[in-house]
Amino acid sequence: MSWEPYKYAFEPDGMLRDIYVFDTDVRDWQRVIDYMRTSPYSLEFAAGDDLHPLPDAARIFELRVEITCSLSVDRRGLNLKCYFLTTEEIEFDIDPRDYADGRHIDELIAFMRGLGETVDKPVVLTPESSPRYPLLWFDPARGEIERL
């Protein structure tokens, strides 16, 4: 895939980028966890400072009431991070510097596509904490990544 059409979304500006799926619930989260477990991605789930096997979604949201929970996905490639902030939206963080030269863009697009197809909902890439300003959009009904 050509890097040029996507380059603008990863210009380093000191901010992370967020991948969002909106209007979700615990069932959507469970679908994502099941998808991750069968994916080729390496996963590291942490509750506090301790690594654990990736639990079910309901258990994660029980744990996170008392302790920070996080999931690192493919630290040597995609380098995604999830903190399970709410059941109402799925969010992964990325550092645009990890993509600044076009490395891993194909894998990121594939991840967004897989995520959207798993929950059958749109997936957007936005500037950090700016969910209303999508840079890229995957609509599972169309099956394509769109630049916005």
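Student: Is Asp25 buried or exposed, or in between?

Tutor: This is a predicted model, where local features need pLDDT of at least 70, side-chain atom pairs count only at pLDDT 80 or more, and totals for chains, interfaces and linings use all residues. Residues are numbered from 1 along each chain as its sequence is written, and side-chain values use heavy atoms, with hydrogens and water left out. Buried means under 20% relative accessible area, exposed over 50%, and partly exposed in between (1.4 Å probe, protein chains only). Asp25 has a relative accessible area of 25%, so Asp25 is partly exposed.

Student: Which side chain meets Asp25 in a salt bridge?

Tutor: Side chains of opposite charge can pair when their charged atoms come close. A salt bridge is a side-chain nitrogen of Lys or Arg within 4 Å of a carboxyl oxygen of Asp or Glu. Here Arg27 pairs with Asp25, at 2.6 Å from N to O. Arg27 counts as exposed, at 57% relative accessibility.

Student: How many salt bridges does the structure hold?

Tutor: There are 12. One of them joins Asp28 and Lys121, with the closest N and O atoms 2.9 Å apart. Asp28 sits in helix H1 and Lys121 in the loop between H3 and strand E7 (123–127), 93 residues apart. Helices (H or I, at least four residues) and strands (E, at least two) are DSSP runs, numbered from the N terminus. At 3% relative accessibility, Asp28 is buried.

Student: Which residues of H1 and H3 meet?

Tutor: Contact means heavy atoms within 4.5 Å. Asp28, Arg31, Val32, Tyr35 and Met36 in H1 meet H3 residues including Phe111 and Leu115.
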